[in-house]
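Please open the model in your viewer and keep the selection tool at hand. The stops below proceed from the whole chain to individual residues.

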Amino acid sequence: MRINELMIYRHMEQGQILTDMNFLMENYDNEYYNVEDMRGLLYDCVNEILEMAVSHGFEGNLWQDYLTFLLASDENAYSTSCEIVGAVEGSINQVALHDFVIFKELFDYDFTDMEKALGTDCLAMLKDYAGSGAHGSVFNQRIRDRICDLSKSLAGAGSTEEFKEILTQFYKEFGVGKLGLHKAFRIEHTQEGAEIVPITKIAHVHLDDLVGYEIAKKKLIDNTEAFVSGKKANNCLLFGDAGTGKSTSIKAILNQYYDRGLRMIEVYKHQFQDLNDVIAQIKNRNYKFIIYMDDLSFEEFEIEYKYLKAVIEGGLERKPDNVLIYATSNRRHLIRETFRDKQDRDEELHTNDTVQEKLSLVARFGVTIFFGGPSKKEFQEIVRQLAARNGLTISEDELLLEANKWELSHGGLSGRTAQQFVDYLLGTR
């Protein structure tokens, strides 16, 4: 095979299996090499392919799944150009077609002679591999199914041009690499800097699941719709009482707009020092990124908010157009304030400066959305709807009576309390 002639798909992560298999394809019948050594190398490759199948949940033809994984994961000049926008113009198409000729040869390669020469049938076992039904620890079921479906489509391509069209369409619909395949991410600080790590299990909630708060949800939708449409949009702060659905709304927004290129990166207070590094990694990608900060608030002694202010607005480098910051908080002004800030003039001459310093962070959020606690009547309506959605067969009088007892001893009136009450009923009936 000719993988040494690849031009775009040349330096692929996890490409060592391909390198070793290519060596076997070219030399399995070469008398210069010891047959036992060649057989051992083949079994090493099979072992690594099987390990990947389990960790990623792959099924079917594992060799073709592996090749498809490489193609779907490699962020290069062609794949990143095609993500979201699809087919592009220019000479890069000719170069990509050259590489796809080689990949199609790899997809269509017949291992029969190799297995016969090495006296093994291990590769035949990989042609129609049946998994355990689990999606694996690296990919969730949604991503696993997309990779396996793409593998079958590429294997069935009748020509290199069709092979290219199928893969290009995949890049357009689902993106490339971890930023394309996954919805949400977290940050890990390493010696090399901030690493963006996929979150594989996301709650599949939708805004319709949140009962009430129609005005608040509309403001959030309008701002996000403008953002993913390429229009001007604002950083957004969702504040209000605990358990009212602020975090749920953010997760629902991600699920609603993922197919239109929206991605979300969760960042905690102690990671604000990595924000510039994170933004540098995502600013030139064809996705829209929301940097999500949950339960954001600061005590008087915490100064991390000053780093956040500079990142949002105030630094020399302008925040990229494909990045917004969404935060939730129980505090309207994010930073703890005391009456002393406004009244005690003995400790600081310019007291108003202290107040303005603390208010300047929330002023950088152009949209603020209030989530207030529900009234008794609204709480009961939330309970009714949650019970109906979960198929609870209980009279309304008994349901509301038990709900009233529950909220008195479990945190008061809130959507979270209502959900916990319904979960309790589902677990005991």
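The tour that follows names what to select and describes what is found there.

**Before starting.** This is a predicted model, in which local features need pLDDT of at least 70 and side-chain atom pairs count only at pLDDT 80 or more, while totals for chains, interfaces and linings use all residues. Residues are numbered from 1 along each chain as its sequence is written, and side-chain values use heavy atoms, with hydrogens and water left out.

**Stop 1: the whole chain.** Display the protein chain as a cartoon; its secondary structure comes to 18 helices and seven strands (DSSP runs numbered from the N terminus, H or I of at least four residues for helices and E of at least two for strands). Of its 429 residues, 48% count as buried (under 20% relative accessible area, with exposed over 50% and partly exposed in between, using a 1.4 Å probe and protein chains only).

**Stop 2: helices H3 and H7.** Select residues 62-73 for H3 and residues 141-155 for H7; their axes come within 9 Å and cross at roughly 105 degrees. Axes here are lines fitted to C-alpha atoms, for helices over the stretch in contact, and angles run from 0 to 180 degrees between N-to-C directions. H3 and H7 are therefore roughly perpendicular to each other, a label given to angles of 65 to 115 degrees.

Now show side chains. Gln-64, Asp-65, Thr-68, Phe-69, Leu-71 and Ala-72 in H3 meet residues of H7 that include Ile-147, Leu-150 and Leu-154 (contact means heavy atoms within 4.5 Å).

**Stop 3: the largest nonpolar core.** A nonpolar core is a set of buried Ala, Val, Leu, Ile, Met, Phe, Trp, Tyr and Cys residues joined through side-chain atoms within 4.5 Å. Select Tyr-9, Trp-63 and Leu-71, which touch the most other members among the 83 residues of the largest core. H3 supplies the largest share of this core, eight residues.

Centre on Leu-71: leaving aside residues up to four places away in sequence, its contacts include Phe-100, Phe-103, Phe-107 and Leu-154.

**Stop 4: Ser-79.** Move to helix H4, residues 77-82, where Ser-79 is found. Is Ser-79 buried or exposed? At 0% relative accessibility, Ser-79 counts as buried. Not counting residues up to four places away in sequence, Ser-79 touches Tyr-9, Asp-74, Tyr-171 and Val-176.

**Stop 5: helix H11.** Finally, select residues 246-257, the twelve residues of H11. Among its buried residues are Lys-246, Ser-249, Ile-250 and Leu-254. Ile-250 and Leu-254 also belong to a second, separate core of 26 residues, which includes Tyr-292 and Leu-324.

Key: Angles under 35 degrees count as roughly parallel, over 145 as roughly antiparallel, 65 to 115 as roughly perpendicular and the rest as oblique. The expected span of a helix is 1.5 Å times one less than its number of residues.
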